[in-house]
Amino acid sequence: MSYLIINADDFGVSHSVNAAIIKAHEEGILTSTSLMVSGDAAQEAIALAKNHPDLAVGLHLVLVCGKSVLPPAQIPHLVDSQGNFSNNPTQAGLSYQFNQATRAELRLEISAQLEKFRDSGLNLAHVDGHLHLHVHPVILNIITEFAAEFQIKFIRLPSEELRKNLKIDNRNLLTKIIWSIVFGQLRRYGEGLLKANQIKFADRVYGLLQTGNMSEEYLLGLIPQIETKLVEIYSHPDLVNTEINNGGELELAALLSQQVRELVTVKGFKLSNYNQLI
């Protein structure tokens, strides 16, 4: 049996995203989601999750393009006076790598986000990160150090084949090549680290190379090409398109597609989530 996890990121960021995720779970193929504990609609998301016990919920760690859990005075090297992280992932990543004060504060904030998730009363299905900053070696090492305390059993490591993506959609070629190289290296590092710490991860994780455009057409092209036993596909559904998430409606439609659901069954995948695989 091959297991397919369909995850939605950014649970808790807004009311419309929360509503889209619940709709995709109730009416579509969505089995899992990742919660931003510092999101504006996080409390609503937690309440919705408790009313939908079959929806697995993980932590969507926010360390860029979002708000912190801790007050700015405790982590002045991480956030501005309003508690906002940098909107520049590259700049943030360099700071996390080379600034000792920043690294000490990272540990505090990551712990605080894990604690806030635990305080929600939800079971922690997995950990991933906003814009995948969680696979930064410094951050991933901190997360693994907290694995026993917070019972982290699965962490997302992006892994998809460039060739399969381009066979369906060859736009944004240069960006896709660069991301494929960078995240391929991060995946190799992450695999070694997680195996050493007995933390599990999916064989393949699809979504990075097609971010913002995980359409019905794309899923219909991707699913027949998948050749492994444990797969995660993630997207960012929304009821409305926004400046930040201009593919939200498209991605919600894909998750609601009857054609996609039928193809999942025909290709022998069992829809699942990380809670069911423990």
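Reader: Which residue lies over the face of Y234, and at what distance from the ring centre?

Author: Happy to start there. Look for a charged group above a ring rather than at its edge. In this predicted model, the residue is R156, which sits over the face of Y234 at 4.1 Å from the ring centre.

Reader: Now for rings with rings. How many aromatic pairs does the count come to?

Author: The idea is to look at ring centres that lie within 6.5 Å, and then at the angle between the planes. By that rule there are 2 aromatic pairs here. One joins F146 and F150: the ring centres are 5.9 Å apart and the planes meet at 80 degrees, so this pair is edge-to-face.

Reader: And why is the pair of F154 and Y274 called tilted?

Author: Planes under 30 degrees apart would be stacked and those over 60 edge-to-face, with the rest called tilted. The planes of F154 and Y274 stand at 35 degrees, with centres 4.6 Å apart, so the pair is tilted. F154 belongs to the loop between α6 (147–150) and α7 (162–168), while Y274 is in helix α12 (residues 274–277), so the pair ties together parts that are 120 residues apart in sequence.

Reader: Let's turn to the surface. Which residues form the nonpolar patch?

Author: For a patch, look for nonpolar side chains within 5 Å of one another that each have over 30% relative accessible area. Here the members are L174, I178, W179 and V182, and together they have about 360 Å² of accessible area. Take L174 as an example: its place is in helix α8 (residues 173–196), and its relative accessibility of 63% makes it exposed.

Reader: Stepping back to the whole chain, how many helices and strands does it have?

Author: The chain has 12 helices and 7 strands. Buried residues account for 54% of its 278 residues.

Definitions and conventions
Residues numbered from 1 in each chain as written. Predicted model: local features only at pLDDT ≥ 70, side-chain atom pairs only at ≥ 80, totals over all residues. Heavy atoms only, no water. Patch = residues over 30% accessible without salt bridge, like charges linked within 9 Å, V, L, I, M, F, W, Y side chains within 5 Å. Areas by Shrake-Rupley, 256 points an atom, 1.4 Å probe, with all protein chains shown as cover. Salt bridge = Lys/Arg side-chain N within 4 Å of Asp/Glu carboxyl O. Helix = DSSP H or I, 4+ residues; strand = E, 2+ residues; numbered from the N terminus. Buried < 20%, exposed > 50% of the residue type's maximum accessible area, 1.4 Å probe, protein only. Phe/Tyr/Trp six-rings, centres within 6.5 Å; stacked < 30°, edge-to-face > 60°. Lys NZ or Arg CZ within 6 Å of the ring centre and 35° of its normal.
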